[in-house]
Amino acid sequence: MLVKTYGAAVQGIGATVITIEVNILTGVKFFMVGLPDVAVKESHERILSAFNHTGYKFPRKQVIVNMSPADIRKAGSSYDLPIAMGILAAAEELNADKLNDYAIMGELSLDGTINPIKGVLPISIKVKEAGFKGLIIPIENAPEAAVVEGLEVIGVKELDEVIGFLNGYLDIKPFKALSSPSGTESDTNSMPDFSDVRGQQTVKRALEVAAAGGHNIILIGPPGAGKSMLAKRVPSILPPLTNEESLETTKIHSVAGNITSGTSLLRYRPFRSPHHTISDVALVGGGSYPQPGEISLAHNGVLYLDELPEFKRSALEVLRQPLEDRKITVSRANNTVEYPASFMLAASMNPCPCGYYGSPYKECTCTPGEVKRYMNRISGPLMDRFDIQCEISPIPFTDLAKKPKGETSAVIRERVIKARKIQDDRFKEYNGIHCNAQMTERMLHLFAEPDPASMKMLETAMERLKLSARAYSRILKVARTIADLEGENQVQARHIAEAIGYRSLDREDWV
């Protein structure tokens, strides 16, 4: 008897419906075709044990399992459950009437329990688009799948439950979606707060501007100045995820297997801080079966690179294209996938090998050549991607002890949200443009053109400070954000002046 069940294969952050055909003929062998990987082929042993443990018999005949389309590689253990249901239906131990209405995905344990799987959100979206009535999945994945409206999600714990539901003698109520996350003020209570940082008002202001405009920022200063402490507080002042952003971010983390049990949509903007020993593939994504890298896991959030010069040169250089295109395409011999990678890049570094170049409190022991070589570990094109370059100095103990607590993250966040709202309204007619950092050169002339007096100031500053030509557009973008924070329509001289102050490393006399 020939029976069809349905599942889905995850590709990038999307999915493709997979038809699983099971045919039982005269014979004794088990065949699985359709480009399955090793984990899929091993499902035979898991299914055999699960059947024996729950009182069902694996057919003592020739069983052929075909997974279609046959040119798409099937990977992972999530096909155990649909294959098992197909075998039981083909052996006439299961009513096949409901198999056309539901897609089925899940990993079987040897005792018949059903384990959670990866990529449930993109699978659910595709199953709904394909016209299925519902999706049968592990109960741990049900909150994630229930986000998709109009899809009946059946959460199951054991093999017996699936069989009972499909045979009609067990009634399992569809899982109800959890309340939609909104990224409210209370969501940030557990995050590190800017009020804990004494002093450093200039750096706090720079981080506020960066968050308001989505600008990449690098902090340069000696050890102990507070670079990492400040950078780790950036998520607490970012605007909440929109529903669209939350859905897209959750899809990426679902594919990567980072969604915890009972989670529906991610509530917070991601903050990823990989170690400097990270490989190129782990940073941008890839592998034999392509998986999202850190830049995609940071999508709609922050990618923080601490001790930037210590990262491998090759790993840093692969960031250049994603920073401009805000996506990454991973190509392999049999597959090409595209992952979104629109993130705010934050980085920190010491100014020299010993860390104390330019410090007023401790003498630097490095030679000018050593300082130059250390800075040259970061290429000019990559440094050009940082809109804000901010120097940070340690606070003396006497001043640190006297400093009162500063503004809370909640107060700063309100200003950032208002500035982002202005940008949302400004760019509503431009597809894929959401913040000032994403503006093109043409848009700069439309929205960030300073008045004649401000333009004269910019020209004079670039000549006197010996700023590079590539700093021009970066300064205008940052100035536009500063004006938005003040609610000003026109970029003015004070906005240009502050933006120029954030280009420390562009000065030829810095090293």
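Helices here are DSSP runs of H or I with at least four residues, strands are runs of E with at least two, and both are numbered from the N terminus. With that settled, I opened the model, which is a predicted one.

**Entry 1: the whole chain**

I started with the overall inventory. The protein has 21 helices and 18 strands. I then looked up the extent of the C-alpha trace, which spans about 90 × 45 × 45 Å along its principal axes. Of the 511 residues, 52% are buried. I also checked how far along the sequence the contacts reach. Taking contacts between residues at least 6 apart in sequence, 74% join residues at least 24 apart.

**Entry 2: α3 against α6**

Next I went to helix pairs. Two packed helices are described by the angle between their axes and the distance between the axes, so I noted both values for each pair. Helix α3 covers residues 80-90 and helix α6 covers 159-167; their axes are 11 Å apart and the packing angle is about 50°. That angle makes α3 oblique to α6. The crossing of α3 over α6 is right-handed.

Which residues of α3 and α6 meet? From α3 I wrote down L81, M85 and L88, and from α6 L159, V162, I163 and L166. Sorted by class, this contact has seven nonpolar residues, with no polar and no charged ones.

**Entry 3: α7 against α20**

On the α7 side I listed R205, E208, V209, A212 and G213, which meet V478, T481, I482 and L485 of α20. The classes in this contact come to five nonpolar, two polar and two charged residues.

**Entry 4: S409**

I clicked on S409, which is in helix α17, residues 409-426. Is S409 buried or exposed? S409 counts as buried because its relative accessibility is 2%, and the cut-off for buried is under 20%. I then asked what the side chain is doing. A polar atom of the S409 side chain lies 2.9 Å from the backbone nitrogen of F194. Leaving out residues up to four places away in sequence, S409 touches P192, D193, F194, S236 and I237.

P122 sits in helix α4, residues 120-129. With a relative accessible area of 3%, P122 is buried. Beyond its neighbours within four places in sequence, P122 is in contact with I13, G14, A15, K251, S254 and V255.

A103 is in strand β5, residues 102-104. At 1% relative accessibility, A103 counts as buried too. Residues up to four places away aside, A103 touches Y6, V127, F132, G134, L135 and I136. For one of these, V127, I looked up the C-alpha separation from A103, which is 6.9 Å across 24 residues of chain.

Q62 belongs to strand β4, residues 62-68. Its relative accessibility is 18%, so Q62 counts as buried. Apart from neighbours within four places in sequence, the contacts of Q62 are N23, I24, L25, T26, G27, V28, K29 and F31.

I followed β4 to its end. What kind of peptide bond joins S68 and P69? The bond is cis, with omega about 5°. P69 is placed in the loop between β4 and α3.

Most residues other than glycine have a negative phi, and most peptide bonds are trans.

- N300 has a positive phi near 65°. N300 lies in the loop between α11 (294-297) and β14 (302-305), and N300 is buried at a relative accessible area of 12%.
- R326 has a positive phi near 60°. R326 is placed in the loop between α13 (320-325) and β15 (327-331).

Technical notes
Residues are numbered from 1 along each chain as its sequence is written. This is a predicted model: local features need pLDDT of at least 70, side-chain atom pairs count only at pLDDT 80 or more; totals for chains, interfaces and linings use all residues. Side-chain values use heavy atoms; hydrogens and water are left out. Axes are lines fitted to C-alpha atoms, for helices over the stretch in contact, and angles run from 0 to 180 degrees between N-to-C directions. Angles under 35 degrees count as roughly parallel, over 145 as roughly antiparallel, 65 to 115 as roughly perpendicular and the rest as oblique. A crossing is left-handed if the near helix is turned anticlockwise from the far one by less than a right angle, and right-handed if clockwise. Contact means heavy atoms within 4.5 Å. Ala, Val, Leu, Ile, Met, Phe, Trp, Tyr, Cys and Pro count as nonpolar, Asp, Glu, Lys and Arg as charged, and the others, Gly among them, as polar. Buried means under 20% relative accessible area, exposed over 50%, partly exposed in between (1.4 Å probe, protein chains only). A polar contact is a pair of N or O atoms within 3.5 Å; within protein, one must be able to donate a hydrogen and the other to accept it, and residues adjacent in sequence count only if both atoms are side-chain atoms.
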